[in-house]
Amino acid sequence: MAKVLVVNPRAMYFGDRRATSIDLSVRDLIWHSRFRAGTTVIGDPIDHPFEGIAYVARPMGSFDHSLFRLPRLIQAINRIAPDVISVQEHLGTAAFLARRLSAPVVLHLHNPIRQPRSAVERIRRRTAFAELRGLIFVSHDHERAFRDIWPLVTTPRNVVPNGLDLTEWHPAPTREKVVLVVGRAIPEKGILEAANALAATLPRHPDWKAVFILSTTEDQRAYAEHVRRVLAPLGPQAEFLIGAPFATVKAWNERAAIAVISSRLRETFGRTALEAHAGGAAVISSGNGGLREVSGEHALYLPRVGAPEISDAVERLIGDEAERNRLAAEGHTRALSQFDICTTADTHDCILEMLLPQRQSTKTSGVG
């Protein structure tokens, strides 16, 4: 059995309590991998990592500067002796490991690609990319964004969309009259615009309710509180949750009639939209970046991310049950056909398999 090592970035939580979207994506890929028995994840020390996956806490010391942290990481990896290493998100760590270890290293990117601020930094990063055996992106739009910024990087590029185990999702046949908004409490996600839209719309529909489930860091609390104040006049027509576990998010997606994803960002994938489709909600989407790859033609797209546009879209779906049901059914069918975790995990396994020692003589320009 091949030994695969997954290195998570710092500040992730590879467990049910506070899992990020990256943690959930990594967990799902491993759970459905043919290399699962030989896979280990290294991440921050946490109390309760996901069950059924080997987990090693990142070695910590009195000084956590990279000069001390990375050599300790090398020692921990040498004890595991992996055949292939997948580093999540962090280019610096991936390049450091690629320079010092014989095992091939791939970098799995989940977040938007940033333009370097200086020519020196651009050269440094381009050199780091060149040291890797492969790059993995979560959508074709994500890969295109990388190509636009880094046209000279020739590292093999692969696309592995996020997937879900859709056998575990059970859409309620009768939907609750709920408009669901899930996301990070930052302005770029269009959460405040959604709150203003629903605060204006729902008083005309007293049998409907808004549910906001937000994740925050300390510096995002003021924005979240602003959203809460906007929703306050709705009273019992609005439910506001901070830091709810994934099980709560999943349950609401399986019950809510409508989900709003109003991100202003060029989203790399759009897991929030996929979860809404998997749960059977009708999706209203900005369609930015990978969001359109997730939903295809089976979402109501906003012409602009603004409170009036969101209000119009919500009003339209509240008033047209047939369209609401059609979007919900077609979106769920698309999720089943395009984003089943068994398919995406197999694609991911094939990428890693091509890098295993017995396959290194085989040349590949990327899968997907």
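Visitor: Which residues does Ser295 touch, leaving out those up to four places away in sequence?

Guide: Keep in mind that this is a predicted model. Once residues up to four places away in sequence are set aside, the contacts of Ser295 are Ala273, His277, Val283, Tyr301 and Arg334.

Visitor: Is Ser295 buried or exposed?

Guide: Ser295 sits in helix α10, which covers residues 290-295. Its relative accessible area is 0%. Buried means under 20%, so Ser295 counts as buried.

Visitor: What is the length of the polar contact between the side chains of Ser295 and His277?

Guide: His277 is one of the residues that Ser295 touches. Their side chains also make a polar contact, and its length is 2.8 Å.

Visitor: Which strands are the edges of the open sheet?

Guide: Start with the order: the sheet has 6 strands, β10-β9-β8-β11-β12-β13, with parallel pairing. An edge strand pairs on one side only, and that picks out β10 (238-242) and β13 (300-301).

Visitor: Which residue is the bridge partner of Ser285 in β13?

Guide: Strand β12 takes in residues 282-285 and runs parallel to β13, with 2 bridges joining them. Tyr301, which is also among the contacts of Ser295, is the residue to look for here. In β13, Ser285 has as its bridge partner Tyr301.

Visitor: What angle does the direction of helix α12 make with that of β12?

Guide: Helix α12 (residues 321-338) packs on the sheet and touches β11 (256-261), β12 and β13. Its direction and that of β12 make an angle of about 90°.

Terms used. Residues numbered from 1 in each chain as written. Predicted model: local features only at pLDDT ≥ 70, side-chain atom pairs only at ≥ 80, totals over all residues. Heavy atoms only, no water. Helix = DSSP H or I, 4+ residues; strand = E, 2+ residues; numbered from the N terminus. Buried < 20%, exposed > 50% of the residue type's maximum accessible area, 1.4 Å probe, protein only. Polar contact = N/O pair within 3.5 Å; in protein donor to acceptor, adjacent residues only side chain to side chain. Contact = heavy atoms within 4.5 Å. Pairing = 2+ DSSP bridges. Axes fitted to C-alpha atoms, helices over the stretch in contact; angles between N-to-C directions.
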